[in-house]
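Visitor: Could you walk me through this one slowly? I am new to reading structures.
Guide: Of course, please have the picture open while we talk.

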Amino acid sequence: MTKPARGSLLGIENLTPAEISAYLQLARKMNPQKPKPLLKGKRVFLLFYEASTRTRSSFEVAAKSMGAMTTLVLSSGSSIEKGESLLDTGYTLRAVGADVIVIRHPEAGAPLLMAQHLDIPVINAGDGMHEHPTQALLDAYTILKHKKTIKGLKIAIVGDIYHSRVARSAVYLLTKFGAHITLCGPPEFLPDLATTLAPGLQITRSVEEAVHGVDVIYVLRVQKERLGGQALSVNDYIARYQMNAARVRLAKKDAIVMHPGPVIRGMEFTWDVADCPQSVIVEEVRNGVPVRMGILAKALGKAK
């Protein structure tokens, strides 16, 4: 095993605020409408063991807009489906010319394992219940489009925190910059141990308490199948935790409403909240392109 190649992005937890700020500053320099061919001749391999629309497509658009060639490798219909190991897949992609690998995998730690055995950068596009660092960066980028600073912001994160790699990366990043975070959800989705993720986290089981006076409401995806066998039914969850207009009004007037997608309308949100003026959900998706342009440029030593 070796140290991951320079330019790898495997998680937020071990990054310093300065390193995070450098990614955000680089993203601000990227213009998807007038991109520069910084990655001309480079090969970006998108290795996805899980389904993805937003992350995969924005990485592909980001890479191609800067002149890179992209190759998509899915677990279905490939040697992976026949039982090829993660490392052998990595060695194969490197052998055919990959300059960087973007990987999404259902097992926590898979990107790190690959990065320790390859001599090219590896970018974590989501690994199990561990982290989703590029989502955290694009969310911070989005927040800073609407707020002057993250320091001192009151942020409510509502939903299935336990299973969410998005929540973990967001908590790591936002607390490093001085945000005050309240986590909200039923015990099945938010164990008391969640406060150990970062210093200063608060937990409440009341959505009304969580969103009262906050600057940012961040709603997480909730999979209905995870409610079926739990003490909490779908109807109970909707009654107690769904984000509706009345609950949004408890936040500050200039609060923004966020969600990493895909949104399940009628479950996590009422339809009117998903499309309300405070919602920046579509903007989050759009911001994924310049953020991932910056990440790829940094990974390949082309950051300007």
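**Helices and loops**

Guide: Let us begin with a glycine: just after α3, G97 takes a positive phi of about 115°. Please keep in mind that this is a predicted model.

Visitor: Okay, and which residues of helix α3 are buried?
Guide: In α3, which covers residues 86-95, the buried residues are L86, T89, G90 and L93. They cover an arc of only 100° around the axis, so they lie on the same side of α3.

Visitor: Why would residues spaced like that point the same way?
Guide: An α-helix has 3.6 residues a turn, so residues three or four places apart point the same way.

Visitor: And what do the buried residues of α3 pack against?
Guide: They pack against the strands β1 (43-48), β2 (69-74) and β3 (100-105), and also against helix α4 (110-115).

Visitor: Switching to pairs of helices, at what angle do α2 and α12 pack?
Guide: Helix α2 (residues 54-65) and helix α12 (residues 281-299) pack at an angle of about 55°, and their axes are 8 Å apart. The two helices are therefore oblique to each other, and α2 passes α12 in a right-handed crossing.

Visitor: Which residues make that contact?
Guide: From α2 the contact uses R54, T55, S58, F59, V61, A62, A63 and S65, while α12 brings V285, G288, V289, R292, M293 and L296. Sorted by type, the residues of this contact of α2 with α12 are eight nonpolar, four polar and two charged.

Visitor: What about α5 and α6, how do they pack?
Guide: Helix α5 (residues 133-146) and helix α6 (residues 165-176) pack at about 55°, with a distance of 8 Å between their axes. That makes α5 and α6 oblique to each other, and their crossing is right-handed. On the α5 side, P133, Q135, A136, L137, D139, A140 and I143 meet V166, S169, A170, L173 and L174 of α6. The residues of the contact of α5 with α6 divide into nine nonpolar, two polar and one charged.

Visitor: Now the loops: where is E188 found?
Guide: E188 sits in the loop between β6 (180-184) and β7 (202-204), and E188 is partly exposed, because its relative accessible area is 24%. E188 and Y162 are 26 residues apart in sequence, and from C-alpha to C-alpha they are 8.0 Å apart in space.

Visitor: Last one, which residues does the cis peptide bond join?
Guide: A cis peptide bond, with an omega of about -10°, joins G261 and P262. P262 belongs to the loop between β9 (256-258) and α11 (271-274).

Notes: Residues are numbered from 1 along each chain as its sequence is written. This is a predicted model: local features need pLDDT of at least 70, side-chain atom pairs count only at pLDDT 80 or more; totals for chains, interfaces and linings use all residues. Side-chain values use heavy atoms; hydrogens and water are left out. Axes are lines fitted to C-alpha atoms, for helices over the stretch in contact, and angles run from 0 to 180 degrees between N-to-C directions. Helices (H or I, at least four residues) and strands (E, at least two) are DSSP runs, numbered from the N terminus. Angles under 35 degrees count as roughly parallel, over 145 as roughly antiparallel, 65 to 115 as roughly perpendicular and the rest as oblique. A crossing is left-handed if the near helix is turned anticlockwise from the far one by less than a right angle, and right-handed if clockwise. Contact means heavy atoms within 4.5 Å. Ala, Val, Leu, Ile, Met, Phe, Trp, Tyr, Cys and Pro count as nonpolar, Asp, Glu, Lys and Arg as charged, and the others, Gly among them, as polar. Buried means under 20% relative accessible area, exposed over 50%, partly exposed in between (1.4 Å probe, protein chains only). The arc is that of the directions from the helix axis to the C-beta atoms.
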